[in-house]
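Colleague: I am new to this structure and would like to learn how to read it. Could you take me through some of its features, one at a time?

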Amino acid sequence: MRCSILVFLLPLIIAQEVTCFNKHAPPLSHFRNKFKDRMAMAMAISSQPPSPSPSTKMSGRVVYPAEYGADPTGAHESSDSIEKAVEDAFGIESEGELVGGVRDLGGVVIDLQGGNYTISKPIKFPSSGGGNLVVKGGTLRASDSFPTDRHLVELWASNSQNLPRTSLFNSMKLQQPNGIYYEDITFRDILFDSGHRGGGIFIADSVRTRINNCFFLHFTTEGILVEGGHDTFISNTFLGQHSTVGGDKGERNFSGTAIDLASNDNAITDVAIFSAAIGVLLRGQANILTGVHCYNKATGFGGIGILVKLAGNSQTRIDNCYMDYTAIVMEDPVQVHVTNGFFLGDANIVLKSVEGKICGLNIVDNMFSGNPNNKVPIVSLDGEFSNIDQVITDRNSVIGMSLRSTVGKLIVGGNGTKWVADFSNVLLFPNRISHFQYSFYAEGETKFLAHSVTNVTNNVVVVESEKPAQGVVSFLVEQ
């Protein structure tokens, strides 16, 4: 660009320089000054950035909603302008294809340019779907007229299955009859302020979606709602109905759910949830939570940190999470792993019976810290369980709370014929010992002393000997 301008100007400059040989022509210094002025003008023109295309209001493959009339100051409503920018982004010509007919948009970016946009209706992504797109860098705030049952941003196709809030998503029983419509959609560096009117973002029938480094505020339904699809990654994100750092006077009235996953195979990593009735609601299979900090609504006020539903088929992993005065509640957990967690302020794990089934549950290597006056059990049962298999609760560090385990060890000494080991205050399940063993040491006895287990009921094991002895009995039991 710069070279072409100089080539164009040089003939004119040379022509004018030639006129200096005319005795009536201005002095040579006059032309030198004009030459300098024109060179400066050429340099200024060449250094200017290209203007956005008037037809698509974009530069390259970056779409700017502000160029469509969206107001980055938030003073005026911007819903229609932003939605038109989204439509143009999805309308870019592309012959590429992602999974199952999803059109590859080629990496187009919708850049909010740090703007603070007020919207009165959801920003709806085209029902035709698409993928390989990024939305980044700004704030979306609900106006006073925003509908209370919608989300600021919504990705769903006309054929997407609309699940009721209480429905579960089980890929073994509930298939996706209408396929996948979105893939590789990324939201990053965005603040979603729902203004206490509805939710933040709703994603349906999408795969490999990313929500990274975002902030969700003032939602009344869900901060993030995912239905169907799989592989949604939520990371480095903060969510809260109210802006608080704990000890909020209105904590009893916190409502809504920060993250609701009615979907399979998703990951929540390095996320803090600081105010909501429920921190994370899992209504699908094979989800993993790592590094999640829940201090939303204390269990004492009726709040839940993590709620694992899909009774009988949850297959959930909760690793290295921080439950801050909030509990993990699991309904008939099957293949659930809770490990390396920190439970503070009487926060614990509650096993809720739906059909009375627990299978493949591991609660190991966690730390529990609470008020010694309350003696809250680290794991408690809500209802009765009749079908119990492969449950391990062990190797947990406990301070100020009541230990619960599926493994018990006791040493009982005394002089007599009976040694009783009561595990009822330690074992998790009532009246259930599936395995026991003991060793008997009789002081001063030179010959074999007959002894045996005579009773195993109500989590109590009794060992008796044929004659009195100064004995020490070591017990080991498992449920």
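Modeller: Gladly! Please keep in mind that this is a predicted model. Let us begin with a residue: F192 has a relative accessible area of 1%, so F192 is buried, the cut-off being under 20%.

Colleague: And is F216 buried or exposed?

Modeller: F216 is buried, with a relative accessible area of 1%. These two residues also let us talk about ring pairs.

Colleague: How is a ring pair described?

Modeller: Two values describe a pair of aromatic rings: the distance of the centres and the angle of the planes. By the rule used here, the count in this model is eight aromatic pairs. Take F192 and F216: their ring centres are 4.6 Å apart and their planes are at 0 degrees, so this pair is stacked. It also links distant parts of the chain, with F192 in strand β8 (residues 182-193) and F216 in strand β11 (residues 215-217), 24 residues apart.

Colleague: What is the arrangement of the aromatic pair formed by Y322 and F342?

Modeller: The pair of Y322 and F342 is stacked, at 5.2 Å centre to centre with 25 degrees between the planes. Distant parts of the chain are linked here too: Y322 belongs to strand β19 (residues 322-324) and F342 to strand β22 (residues 342-344), 20 residues apart. As for accessibility, Y322 counts as partly exposed at 24%, and F342 is partly exposed at 28%.

Colleague: Which residue has its charged end over the ring of W156?

Modeller: That is K124, whose charged end sits 4.2 Å from the centre of the W156 ring.

Colleague: Let us turn to cavities. How many cavities of 30 Å³ or more does a search of the whole structure find?

Modeller: The search finds four. Among the lining residues are I82, V86, I110, F125, L140 and F187. Helix α3 (79-90) and strand β6 (130-142) each supply at least two residues of this lining.

Colleague: Which strands are joined to β9 by four bridges?

Modeller: Strand β7 (residues 151-155) is joined to β9 by four bridges, and these two run parallel. There, H151 stands opposite G199 in β9. Four bridges also join β9 to strand β12 (residues 222-240), again running parallel. In that pairing, F202 stands opposite L225 in β12.

Colleague: One last feature: what should I know about phi?

Modeller: Most residues other than glycine have a negative phi. Here D365 has a positive value, near 60 degrees. D365 lies in the loop between β24 (357-364) and β25 (367-369), and at 31% relative accessibility D365 counts as partly exposed.

Colleague: Where is K375, and what is its phi near?

Modeller: K375 is in the loop between β25 and β26 (379-382), and its phi is positive, near 50 degrees. With 48% relative accessibility, K375 counts as partly exposed.

Definitions and conventions. Residues are numbered from 1 along each chain as its sequence is written. This is a predicted model: local features need pLDDT of at least 70, side-chain atom pairs count only at pLDDT 80 or more; totals for chains, interfaces and linings use all residues. Side-chain values use heavy atoms; hydrogens and water are left out. Rings of Phe, Tyr and Trp (its six-membered ring) pair if their centres lie within 6.5 Å; planes under 30 degrees apart count as stacked, over 60 as edge-to-face and the rest as tilted. Buried means under 20% relative accessible area, exposed over 50%, partly exposed in between (1.4 Å probe, protein chains only). A charge sits over a ring if NZ of Lys or CZ of Arg is within 6 Å of the ring centre and within 35 degrees of the ring normal. On a 1 Å grid over the protein atoms alone, a cavity is a set of points where a 1.4 Å probe fits but cannot get out, and a pocket is an open set with protein on both sides within 12 Å along at least five of seven lines; lining residues have an atom within 4 Å of a point. Grid points are joined across faces, edges and corners, and a volume is the space filled by probe spheres set on the points. Two strands pair if DSSP finds at least two bridges between them.
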